[in-house]
Amino acid sequence: MQVELKGSCLCGNHSYKVTGEVSGFYHCHCSRCRKMTGTGHASNIIVQPGELELFGDKEEIGVFKVPDAERFASRFCKNCGGPIPRVARQMQRVVVPAGTLDHEIDFKPQCHIFSDSKVNWSCSGEELPSFSQYPE
Ligand SMILES: [Zn+2]
Ligand SMILES: [Zn+2]
């Protein structure tokens, strides 16, 4: 499905436009996503192949790469700390934190991932399939 997604950080210093093909929409329960969001799980839309256009001062975007992680990094606004979409250029893969969108979307998360790491107070959403890591 082709999409055009628009969103911004909490303070509005950074906004973005992502265009491309939605390849996944996951609730991720891994401990890294919990730490990053401060909530029970992250909700990320994967756009691949996708293009990310950022509006705002790129110097004011922070990046934190988890040292022992293969691909986990967070990008955030240095002013408000809010997440900003991140991109793996070699894979043309854009990860959009769904909560940063400024509009409704007409598609839904497809599954829970890293469900073995789920904490027992997180929302259940049992109607969706669960995968202990990434889905096949
Ligand atoms: Zn901000
Ligand atoms: Zn995760």
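Visitor: Which residues have the most contacts inside the largest nonpolar core?
Guide: A nonpolar core is a set of buried Ala, Val, Leu, Ile, Met, Phe, Trp, Tyr and Cys residues joined through C-beta atoms within 7 Å. "Buried" means that 20 or more other C-beta atoms lie within 10 Å of a residue's own; with 12 or fewer the residue is exposed, and in between it is partly exposed, the C-beta atoms being placed from the backbone. Here the largest core has 13 residues, and Val18, Val47, Ile84, Val94 and Val96 have the most contacts inside it. At least two core residues come from each of strands E2 (15–28), E3 (42–55), E5 (73–77) and E7 (93–97). There is also a second, separate core of six residues, including Tyr26 and Phe114.

Visitor: How should I take the numbering and the model itself?
Guide: This is a predicted model, where local features need pLDDT of at least 70 and side-chain atom pairs count only at pLDDT 80 or more, while totals for chains, interfaces and linings use all residues. Residues are numbered from 1 along each chain as its sequence is written, with chains lettered from A and ligands numbered from 1 in the order in which they are written.

Visitor: How many helices and strands are there?
Guide: Helices (H or I, at least four residues) and strands (E, at least two) are DSSP runs, numbered from the N terminus. This protein has one helix and nine strands, in the order β-β-α-β-β-β-β-β-β-β.

Visitor: Is valine 96 buried or exposed?
Guide: Valine 96 counts as buried because it has 27 C-beta neighbours inside 10 Å. Its strand is E7, and four of the five residues of E7 are buried, so that strand is largely enclosed by the rest of the structure.

Visitor: What does valine 96 touch?
Guide: Contact means that two C-beta atoms, placed from the backbone, lie within 7 Å. Leaving out residues up to four places away in sequence, valine 96 touches Leu5, Val18, Asn44, Ile45, Val47 and Pro85. On the same terms, the contacts of valine 94 include Val18, Val47 and Leu52.

Visitor: Which way do E3 and E7 run, parallel or antiparallel?
Guide: Strands pair if DSSP finds at least two bridges between them. E3 and E7 run antiparallel, joined by four bridges, and valine 47 has valine 94 as its bridge partner in E7. Strand E6 (residues 86–88) is also antiparallel to E7, with three bridges. E6 and E7 form a hairpin with four residues between them, and glutamine 92 in the turn has a positive phi of about 50°.
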